[in-house]
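Welcome! Take a moment to look over the sequence and the model, then try each exercise before reading its solution.

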Amino acid sequence: MLKKSLLSVWCLMLFTSLVFAKKPPTLPNSYNAVSVSARSFAMGQAGVAVPGNLEGIFYNPAAIAYIQEEKIQAEMLFTVSRDSGDLKDSINMTDPIDIGFDSFAAAQRQGALSWRTLSSNKINFSDGSDWYNKQESIKAVTISAGNKSDNGSAVGLNISYLYGTLAESSYISGIPFAQTSSGNGVSVDVGFMAPVAPGINFGLNLENVIGFMWWENYDFDQLPFGIRTGFGYNTQSFSLLLDFDKKFYRFGDVNENLVGVGLEQYITSYLCVRLGAQGSSLSDNDKLKYTYGIGLNISTFMLSVSGEKYKLDDENISKYLVSLKVLI
């Protein structure tokens, strides 16, 4: 009888907490992050079918299986500039990563460790004497592993630990409010890659097969499940990439379907140029983000610089990233 009573009380408490739990003030795209490389950013953020490259940590963990070098590849990414002006809050909602140190990744044969920023932004709204401020910071530490079979196909796995903070403050109708919460979470990605013709690979990544974030004072977030697939044609001096990315957001008015295309051409053995585009439709200029960049190879170092231009509310927006890669 006592056990039944305790169970009834526990069920009542659980039901009450679920009923009154408040949704965390995260954005639908708060967990999307940015590439770990200025190279892939310059190529329309396409990269699901690029074997043996560090950006595979983000786009497809199966790419790790194709790394053959015993040396460690390490790369750091920085956002050095982002045009905002009067649209700062709007930009933070569509692209929730502001200026700063974005990511670090290191990989060797069949394994990698990375740290990256999923979101880092501030949003402020005011209407007369009423105002609302929110600050969001979410990071991820990821262990990546991959294995290649005898026929050349590969499978990979990302296991990520997420951590972050949310801070809200407001003054609405004469009532002040302030609250800071910390969060912890976990996500798992599963990737596949296989050659389909000489120099051509097919890639598939299932993102956030498992993905949850638990916040203090809020209900939990379930990360958006994503399917990214595409093809890559890669030679020693030329690459052409095409990605299709579909995300199943839990809420909000965010485009769920994106297409990314990118190319890279080496002009000399140490200098290359990159171009790309990303959007819901490659035929609609108003919905496209145009990307470009250069890469410079010096001994064991590669310096990549990339830029992005697009329109938001009829205003031109630009963003610039720099990454440095080194073989240790």
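The exercises below go through salt bridges and strand pairing.

This is a predicted model, in which local features need pLDDT of at least 70, side-chain atom pairs count only at pLDDT 80 or more, and totals for chains, interfaces and linings use all residues. Residues are numbered from 1 along each chain as its sequence is written, and side-chain values use heavy atoms, with hydrogens and water left out.

**Exercise 1.** Find the salt bridge partner of glutamate 168 and describe where the two residues lie.

*Solution.* Start with the rule: a salt bridge is a side-chain nitrogen of Lys or Arg within 4 Å of a carboxyl oxygen of Asp or Glu. The whole structure holds 14 of them. Glutamate 168 pairs with lysine 22, and their closest N and O atoms are 3.8 Å apart. Helices (H or I, at least four residues) and strands (E, at least two) are DSSP runs, numbered from the N terminus. Finally, check exposure: buried means under 20% relative accessible area, exposed over 50%, and partly exposed in between (1.4 Å probe, protein chains only). Glutamate 168 is buried at 7%, and lysine 22 is partly exposed at 41%.

**Exercise 2.** Work out which salt bridges aspartate 98 makes with arginine 82 and lysine 88.

*Solution.* First, arginine 82 and aspartate 98 meet at 3.5 Å, N to O. Arginine 82 is in strand E1 (residues 73-82) and aspartate 98 in the loop between helix H4 (88-94) and strand E2 (100-108), so this contact ties together parts 16 residues apart in sequence. Second, aspartate 98 meets lysine 88 at 3.1 Å, N to O. Lysine 88 lies in helix H4, so here the parts tied together are ten residues apart in sequence. Arginine 82 is buried, with a relative accessible area of 9%, whereas lysine 88 is partly exposed at 34%. To finish, widen the view: Arg82, Lys88, Asp95, Asp98 and Lys319 are linked in a network of salt bridges.

**Exercise 3.** Trace how E6 pairs with E5 and with E7.

*Solution.* Two strands pair if DSSP finds at least two bridges between them. E5 and E6 (residues 175-197) run antiparallel and are joined by 19 bridges. Serine 169 stands opposite alanine 178 in E6. Two residues separate the strands in this hairpin, where serine 173 takes a positive phi near 55°. Now move on: E6 and E7 (residues 200-215) pair in the antiparallel sense over 13 bridges. Phenylalanine 192 has leucine 204 in E7 as its bridge partner. This hairpin has two residues between E6 and E7, and glycine 199 in the turn has a positive phi of about 80°.
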